[in-house]
Amino acid sequence: AVQQDELVRPADPLAAEQTMMFEIDILDVPIKCILDKLASSVLDGRTFIRDLKIMGKKKDQNWADSELQPSFYLLGHLLQHNELLGFAYDIIIPGKKGVQYLSLETIRDERDFQRMKILLSQFRKAVEADIFMPADPGSWMCSPNYCGYYQSCKYACGWKMIAQEQTAQAA
């Protein structure tokens with residue numbers, strides 16, 4: 001078993017499971033985020049939004065630096081509190097030889113927020129045009145446990161239905 005002191009860096013919690021809603025100029029609807037934990041480091045006093053993940057394999061710094069979640073959370077906090085924080089993933093990786101713990105810190109700046117806004121703008125345009133992209137078939141979302149449309153989705157089950165449709169059209 002993993003002990004609590006192995007899972008977190010020394011930090012004083014400031015908030016847990018905090019709901020944050022904010023708006024940005026390119027969307028007509030608010031964005032809602034639920035922060036796992038807001039904590040202040042006892043080592044240097046820096047404040048981080050910390051997000052707990054349980055994953056099947058180890059992630060690296062490039063993954064943390066390219067994920068969109070920190071951009072959403074940090075921009076929301078910046079807009080509400082006029083303060084740019086750091087973000088850290090606290091990752092638990094259960095394995096055959098025991099449980100590993102990994103902490104990956106990342107920061108964001110205006111370029112990251114612009115990237116997020118561009119992606120949201122493209123997403124909004126696709127929705128307005130009735131274009132709904134399927135989830136990656138390898139994603140946890142593309143499963144009968146999490147998607148109510150899984151059984152009827154032509155993109156689920158390894159693209160079999162698409163191949164069948166293409167074969168039928170070609171005949």
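A: Leaving aside neighbours within four places in sequence, I31 is in contact with M20, M21, F22, I24, F72 and L120, where contact means heavy atoms within 4.5 Å. The model is a predicted one, in which local features need pLDDT of at least 70 and side-chain atom pairs count only at pLDDT 80 or more, while totals for chains, interfaces and linings use all residues. Residues are numbered from 1 along each chain as its sequence is written, and side-chain values use heavy atoms, with hydrogens and water left out.

I31 is also a member of the largest nonpolar core, which has 28 residues. Such a core is a set of buried Ala, Val, Leu, Ile, Met, Phe, Trp, Tyr and Cys residues joined through side-chain atoms within 4.5 Å. Buried means under 20% relative accessible area, exposed means over 50%, and partly exposed lies in between (1.4 Å probe, protein chains only). The members that touch the most other members are I24, I31, I49, I91 and L120. At least two residues of this core come from each of strand 1 (11-22), strand 2 (31-41), helix 2 (61-66), helix 3 (69-81), strand 4 (86-95), strand 5 (98-106) and helix 4 (110-128). Helices (H or I, at least four residues) and strands (E, at least two) are DSSP runs, numbered from the N terminus. In soluble globular proteins, nonpolar side chains tend to be buried together.

Helix 3 holds L74, which counts as buried because its relative accessibility is 0%. Not counting residues up to four places away in sequence, L74 touches I49, L84, L85, G86, F87, R108 and F113. R108 is 34 residues from L74 along the chain, and the C-alpha atoms of the two are separated by 7.4 Å.

Strand 4 and strand 5 run antiparallel and are joined by nine bridges; two strands pair if DSSP finds at least two bridges between them. The two strands form a hairpin, with two residues between them.

Charged pairs come next. Four salt bridges are found in a search of the whole structure, a salt bridge being a side-chain nitrogen of Lys or Arg within 4 Å of a carboxyl oxygen of Asp or Glu. One of them joins R50 and D90, whose closest N and O atoms are 2.7 Å apart. This pair links distant parts of the chain, R50 being in strand 3 (residues 47-54) and D90 in strand 4, 40 residues apart. R50 and D90 are both buried. D51 forms a salt bridge with K53, with 3.0 Å between the closest N and O atoms. D51 is buried at 3% relative accessibility, whereas K53 is partly exposed at 24%. In the salt bridge of R111 with D109, the closest N and O atoms are 2.7 Å apart. R111 is exposed at 65%, and D109 is partly exposed with a relative accessible area of 28%.

N82, in the loop between helix 3 and strand 4, has a positive phi of about 55° although it is not a glycine. N82 is exposed because its relative accessible area is 70%. D130, in the loop between helix 4 and helix 5 (160-170), has a positive phi of about 60° and is likewise not a glycine. D130 is exposed because its relative accessible area is 60%.

Buried residues make up 32% of its 171 residues. Of the contacts with a separation of 6 or more, 56% are between residues 24 or more positions apart.
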